[in-house]
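Hi,

Here is the structure I promised to pass on. Please open it alongside this note; my findings follow below.

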Amino acid sequence: MERPGRLLLQSELRVRNAAYDVSLSRSLLTWKRRAASPVYHPFRPSVCHSVPVSEIISVREEEEENGSRQRDDGSWKKIREREGKDCRQAFTVLYVERCQQHRWRCAEVTFTCSDETVCQHWVSSIREQLASNTSRPKHLLVYINPYGGKHQGKRIYEQKVAPLFTQAGISTSVIVTEYANHARDHLKMEAELKKFDGVVCVGGDGMFSEIIHGLIWRTQIDCGVDPNSPEEALSPCSLRIGIIPAGSTDCICFATVGTNDPVTSALHIIVGDSQPLDVCSVHHNNMFLRYSVSLLGYGFYGDVLSDSERKRWMGPARYDFSGVKMFLTHHYYEGTVSYLPARGIIGTPRDATRCRSGCVICQHNGQLNSERSEKYEMDEASDSESSGEWRTIRGKFLAINAASMSCACPRSPKGLSPAAHLADGTTDLILVRKCSRFNFLRHLLRHTSKDDQFDLTFVEVHRVRRFRFMPRHCQSDSDLELDLHENSKRQIFSQICKDHPACGCAPAYSSWNCDGEILTHTAIDVRVHCQLIKLFARGIEELPVFEDLTNPCAI
């Protein structure tokens with residue numbers, strides 16, 4: 001409990017017929033049970049609860065009748081008098097309560113006051129504190145994908161999310177998407193963004209990708225920035241984005257909240273959390289292709305996605321089938337990777353630091369990036385092969401991956417790059433050189449174990465702020481697309497050859513997996529834009545936070 005001089009309000013109230021000392025400050029609402037006797041009982045500790053004001057969802061007055069507990073005496077006059085009274089002597093506070101596995105739920109506590117004046121004073125004081133929190137959204141633009149995942153997006157929103165928004169006093173404008181890229185196109189052209197405090201997508205990673213593509217593009221056009229130029233520094237988006245998970249894959253939500261629970265995500269939106277997120281822009285010959293926030297994968301992960309897209313009838317099992325198939329075919333690809341290493345930052349891809357809520361590395365490197373932004377713009381002309389700052393690697397690769405976040409999911413708790421950060425202005429470039437199937441299997445299995453997946457001779461990882469890839473035989477776009485089309489017609493298991501490119505069993509090109517979408521161009525230029533967007537999230541909280549706050553006696 002805070003010092004009395006810092007308290008805004010303090011009273012003796014009742015909770016379930018027990019007396020409590022209740023206090024309100026600008027940061028905490030605390031209620032502590034009063035001891036029944038002055039005798040100390042070591043096995044009966046006093047119960048004390050404390051809730052941050054920022055995590056209070058709402059407060060409402062309750063109607064109670066003074067004579068509700070008294071027995072009726074049969075007098076119709078007294079019954080009508082009691083029915084006519086509107087005695088508001090109790091109020092209920094709805095607040096965030098932490099559960100296991102990073103889940104949040106809406107809990108409530110009802111306080112009974114001695115008279116109506118005290119009750120109204122408490123309600124108005126709490127509401128004033130909530131209203132003074134300018135980070136809380138009041139008007140939201142909501143897009144619902146009714147076809148994603150198991151077609152449960154609309155039901156999840158109406159049954160689990162909308163009631164919470166109503167309790168918190170948040171007004172919404174809901175749009176149910178009717179076709180692919182509906183949300184993207186609406187954000188680009190039609191949406192009146194000035195009316196809203198944030199954008200919420202109900203769906204999976206594909207729906208989130210639509211939202212960021214529409215919002216980022218709209219922001220750049222409004223700010224006079226050319227999105228097709230890879231040398232342009234993009235303007236950050238002012239509106240925050242909320243994700244209500246309702247898709248077959250919800251990797252972004254899992255990486256930024258720690259769980260794929262719609263109620264938890266809705267509560268993060270209500271309390272107004274803000275988590276910056278890096279975005280990678282992908283270009284080909286000064287032409288914009290896509291934005292990426294999680295994974296860019298060439299080789300193994302690109303082949304798995306390309307093959308699984310032709311087997312959508314199999315459902316989620318197609319990823320396992322295609323993964324086994326691509327592992328057995330064991331294709332490698334030749335090319336040149338050039339990258340601009342991230343200098344002067346703290347943290348490395350192989351340290352034990354994980355990106356968590358309030359990450360010091362993201363704060364430090366983000367600040368460093370903003371201070372260097374002007375200098376970086378002036379030095380863009382020197383970002384060439386001859387400047388000496390770029391590094392070049394040529395070889396045969398089984399996989400080339402760029403992880404802008406850990407890419408953790410239930411199947412891979414550590415992710416592709418466990419120490420990758422959400423908002424440090426870098427991406428982890430992972431190069432897996434040609435090796436035997438057994439060694440590649442060792443690398444894949446380490447994603448699910450505690451072993452260092454980078455501690456292998458054929459694997460190297462670099463923390464970069466920009467990189468380029470050029471396949472060995474650079475052809476025209478039409479020839480490249482023709483090759484990719486022909487390769488897609490191959491049999492389920494192609495002939496296994498070691499070093500015989502003349503037989504034609506190994507394709508010359510793979511395709512890029514960009515956050516679950518296929519890029520037809522292989523030669524790409526990728527640049528990281530530090531903290532370009534913000535989510536209604538706070539990063540994954542440390543487990544001790546949940547362990548402490550589930551204890552009712554913890555303050």
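Start with helix α4, residues 182–189. Its buried residues are His 182, Ala 183, His 186 and Leu 187. Why do they lie on the same side of α4? The reason is the arc: they cover only 125° around the axis, so they share one side of the helix. Keep in mind that this is a predicted model.

Next, a helix pair. Helix α9 (residues 317–329) packs with helix α11 (residues 437–445). The angle is about 145°, and the axes are 10 Å apart. From α9, the contact takes in Phe 327, Leu 328 and Thr 329. From α11, Arg 437, Phe 440, Leu 441 and Leu 444 contribute. By class, the residues of this contact are five nonpolar, one polar and one charged.

Now the whole chain. It has 555 residues, and 51% of them are buried. The secondary structure comprises 13 helices and 21 strands. Take the contacts with a separation of 6 or more: 76% of them join residues 24 or more positions apart. The accessible surface comes to about 27,300 Å². Carbon and sulfur atoms hold 50% of that surface.

When you look, I would begin with α4 and its buried residues, then go to the contact of α9 with α11.

Best wishes

Conventions
Residues are numbered from 1 along each chain as its sequence is written. This is a predicted model: local features need pLDDT of at least 70, side-chain atom pairs count only at pLDDT 80 or more; totals for chains, interfaces and linings use all residues. Side-chain values use heavy atoms; hydrogens and water are left out. Helices (H or I, at least four residues) and strands (E, at least two) are DSSP runs, numbered from the N terminus. Buried means under 20% relative accessible area, exposed over 50%, partly exposed in between (1.4 Å probe, protein chains only). Contact means heavy atoms within 4.5 Å. Accessible areas come from the Shrake-Rupley method with a 1.4 Å probe; for residues, only the protein chains shown count as cover. Axes are lines fitted to C-alpha atoms, for helices over the stretch in contact, and angles run from 0 to 180 degrees between N-to-C directions. Ala, Val, Leu, Ile, Met, Phe, Trp, Tyr, Cys and Pro count as nonpolar, Asp, Glu, Lys and Arg as charged, and the others, Gly among them, as polar. The arc is that of the directions from the helix axis to the C-beta atoms.
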